[in-house]
Amino acid sequence: MSVPKILTFTGASGSGKSTLVKFLLEETGYKLIISSTTRQPRGSDLPGEYEFLGAAEFTAGAGPARDEKRSGDFLWIKEYAGNYYGTRKGVVDEALRSPDVYMMILVPEVLPYLLDYAGKDKVLPVYIRSPPESILQTRLEKRGETLETIEKRIKESRNWDKRAERSDIPYVFITNNGTIDEMVEQVRKCLGTI
């Protein structure tokens, strides 16, 4: 398999998406496709992961459609927890023209828009299966989550994994068994670079 233009990473909260992408950014020279959001920056955001916009600025480029629609400057728009998220068509076009490989962290609902727009031969959707419950619990505890939230997140992570396995999205599945090295090795095998 030739290396795709865009690698996407999807998985439940705590699956290791951001850790994996951060490592690949530092070690491979791959680049990040910037997405837009109306939410406030977080310490866990990757450098260059988001363009932070005000609601009026965001929706001005969106046209009349909302929530997961292709509209105006955006390939998609998704509302979550009172904030908008989206990716501009122009940044995807730039990635497709570039000689570099680009990455994105995406929710399953928007992946079909990218696959249709860019072409299935240009995108490799990677799904990271959730780590064992003990590892996930430790990660969430380190983030300061309450026991009630941890139990909810563990249940949600299993549901995410089940939905991904039944999905029509052509995911390549990797498993997070607790170490970044194992995940990177699985990605490299998917890309035929080992």
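**Salt bridges, sheet and a buried isoleucine**

Arginine 158 and glutamate 133 join their side chains in a salt bridge, with an N to O distance of 3.7 Å. Because arginine 158 belongs to helix α6 and glutamate 133 to helix α5 (residues 133-142), this pair ties together parts that lie 25 residues apart in sequence. The model is a predicted one, and it holds 10 salt bridges, alongside an open sheet of five strands whose pairing is parallel.

- The five strands follow one another in the order β2-β7-β1-β8-β9, and they form an open sheet with parallel pairing.
- Strand β8, which covers residues 123-129, pairs with β9 in the parallel sense over four bridges, and isoleucine 128 stands opposite isoleucine 174 of β9.

**Helices on the sheet**

- Helix α6 (residues 147-166) packs on the sheet, where it touches β1, β8 and β9, and its direction makes about 145 degrees with that of β8.
- Helix α1 (residues 17-28) lies across β1 (6-10), β2, β7 (102-105), β8 and β9, and it runs at about 165 degrees to β7.

**Isoleucine 33**

- The relative accessibility of isoleucine 33 is 4%, and because buried means under 20%, isoleucine 33 counts as buried.
- Leaving aside residues up to four places away in sequence, isoleucine 33 touches Ile6, Glu49, Thr87, Val91, Ala95, Tyr102, Met103 and Met104.
- Isoleucine 33 and lysine 155 are 122 residues apart along the chain, and their C-alpha atoms are separated by 30 Å.

**Charged pairs**

- For the pair that opened this briefing, arginine 158 counts as partly exposed at 23% relative accessibility, and glutamate 133 is also partly exposed, with a relative accessible area of 44%.
- The side chains of aspartate 100 and lysine 31 meet in a salt bridge with an N to O distance of 4.0 Å. Aspartate 100 lies in the loop between α3 (89-97) and β7, while lysine 31 lies in strand β2, so the pair ties together parts that are 69 residues apart in sequence.
- Aspartate 100 has a relative accessible area of 27% and is partly exposed, and lysine 31, with a relative accessible area of 36%, is partly exposed as well.
- Glutamate 185 forms a salt bridge with lysine 189, the closest N and O atoms being 3.3 Å apart. Both residues lie in helix α7 (residues 180-191), where they are four residues apart, about one turn of the helix.
- Is lysine 189 buried or exposed? At 54% relative accessibility, lysine 189 counts as exposed, whereas glutamate 185 counts as partly exposed at 39%.
- Glu51, Asp73 and Arg88 are linked in a network of salt bridges.

Conventions. Residues numbered from 1 in each chain as written. Predicted model: local features only at pLDDT ≥ 70, side-chain atom pairs only at ≥ 80, totals over all residues. Heavy atoms only, no water. Pairing = 2+ DSSP bridges. Helix = DSSP H or I, 4+ residues; strand = E, 2+ residues; numbered from the N terminus. Contact = heavy atoms within 4.5 Å. Axes fitted to C-alpha atoms, helices over the stretch in contact; angles between N-to-C directions. Buried < 20%, exposed > 50% of the residue type's maximum accessible area, 1.4 Å probe, protein only.
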